[in-house]
Amino acid sequence: MKISNIMVSVDLGPAAADRVQLAAGLAQQFGSKLTGVAARPVLGPMPVGDMLEVERVWALEERLTDEQLAEAKALFEREAGQAPKTSWRSAPTDPLAFLGAQARTADLVVVGRQGPADGDAGPMAVSTGGLLMEVGRPVLVVPPGIEHLAVKRVVVAWKDTPEARRALHDALPFLRQTEQVCVVAVGPDAQHVGAEGAAEYLSGHGIKATTHLLRKPEIGPADEILRFAEREDADLIVMGAYGHSRLREWAFGGATREVLQSTPVCCLMSH
């Protein structure tokens with residue numbers, strides 16, 4: 001698998017510049033094109049009451065949308081210097097829908113973590129959970145404050161499910177460059193044969209991995225994975241995203257939700 005196009009979500013939140021720098025570094029590392037994507041809906045008033053006032057407020061919102069999209073483009077161009085080739089796409093529309101549509105040409109989509117302590121990135125922010133459910137591409141979730149991803153030590157959170165298998169496959173370009181890969185299964189149903197099967201799959205691609213079974217976790221599965229990653233000084237977690245969509249409401253299992261909100265290291269997820 002070759003990563004030819006990395007797509008990064010750009011907003012005006014405090015973590016956006018670091019996220020673009022990280023994506024640009026990956027584009028340089030893999031020889032990929034880097035595509036910046038931003039969208040902002042025009043948040044105008046409902047068309048009721050004084051129509052002249054409605055039109056005035058709507059025009060102000062359209063101008064603000066154009067200004068913020070231009071600001072996002074300037075941020076992208078300023079921070080994407082490491083990338084060998086770049087492109088830009090933006091529109092005055094819903095950020096999630098726009099990025100989901102643009103990602104048809106991407107091999108990897110880079111977005112920011114959105115935890116309770118991460119602050120509000122504004123109307124240009126993309127819902128990470130919603131994107132995972134819609135995009136059909138691997139998604140790299142980047143916590144605030146990380147501007148470089150070396151990918152030397154990786155933890156694979158393993159469950160013998162289609163989502164985990166897909167994530168493991170999607171992570172191959174990263175795993176080929178690592179110094180250490182740990183395949184970790186957590187919980188009383190953790191199976192040695194499943195983790196060993198994942199390690200065997202990696203071995204077939206020239207990647208050596210060790211297996212670890214944590215059948216009696218002292219804390220929840222997500223926290224156990226994050227604690228293991230911290231203990232191993234990992235810079236990337238690979239895992240399947242488990243959830244479903246119903247009427248555009250996103251519901252995830254506990255481990256997926258907790259990792260999305262609290263991972264201190266980058267996390268590559270596939271659904």
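Within strand S9, Ile237 is the bridge partner of Val155. Strands here, like helices, are DSSP runs numbered from the N terminus, with at least two residues (E) for a strand and at least four (H or I) for a helix. The model is a predicted one, in which local features need pLDDT of at least 70 and side-chain atom pairs count only at pLDDT 80 or more, while totals for chains, interfaces and linings use all residues. Residues are numbered from 1 along each chain as its sequence is written, and side-chain values use heavy atoms, with hydrogens and water left out.

Another bridge joins Ala157 to Met239 in S9. Strand S6 (residues 153–157) also pairs with strand S7 (residues 180–186), again in the parallel sense, over five bridges. There, Val155 stands opposite Cys182 of S7. Moving on from S9, a parallel pairing over five bridges links S9 with strand S12 (residues 266–270), and Val238 has Leu268 as its bridge partner in S12.

How well covered are these strands? Four of the five residues of S6 are buried, where buried means under 20% relative accessible area, exposed means over 50%, and partly exposed lies in between (1.4 Å probe, protein chains only). In S9, five of five residues are buried. Leu236, Val238 and Gly240 point one way from S9, Ile237 and Met239 point the other way, and all are buried.

Val151 sits in the loop between strand S5 (139–142) and S6, and its phi is near 55°, a positive value in a residue other than glycine. Asp233, in the loop between helix H8 (221–231) and S9, likewise has a positive phi near 55°. For context, most residues other than glycine have a negative phi. Val151 counts as buried, at 0% relative accessibility, whereas Asp233 counts as exposed, at 56%.

Turning to charges, a search of the whole structure finds seven salt bridges, each defined as a side-chain nitrogen of Lys or Arg within 4 Å of a carboxyl oxygen of Asp or Glu. One of them brings together Arg153 and Glu232, whose closest N and O atoms are 3.8 Å apart. This pair links distant parts of the chain, since Arg153 is in strand S6 and Glu232 in the loop between H8 and S9, 79 residues apart. Arg153 counts as partly exposed, at 25% relative accessibility.

Glu61 and Arg40 also meet in a salt bridge (3.7 Å, N to O). Glu61 lies in helix H2 and Arg40 in the loop between strand S2 (33–39) and H2, so the pair ties together parts that are 21 residues apart in sequence. Both Glu61 and Arg40 are buried. A further salt bridge joins the side chains of Arg113 and Asp118 (2.6 Å, N to O). Here Arg113 is buried, with a relative accessible area of 18%, and Asp118 is buried as well, at 16%.

Methods
Two strands pair if DSSP finds at least two bridges between them.
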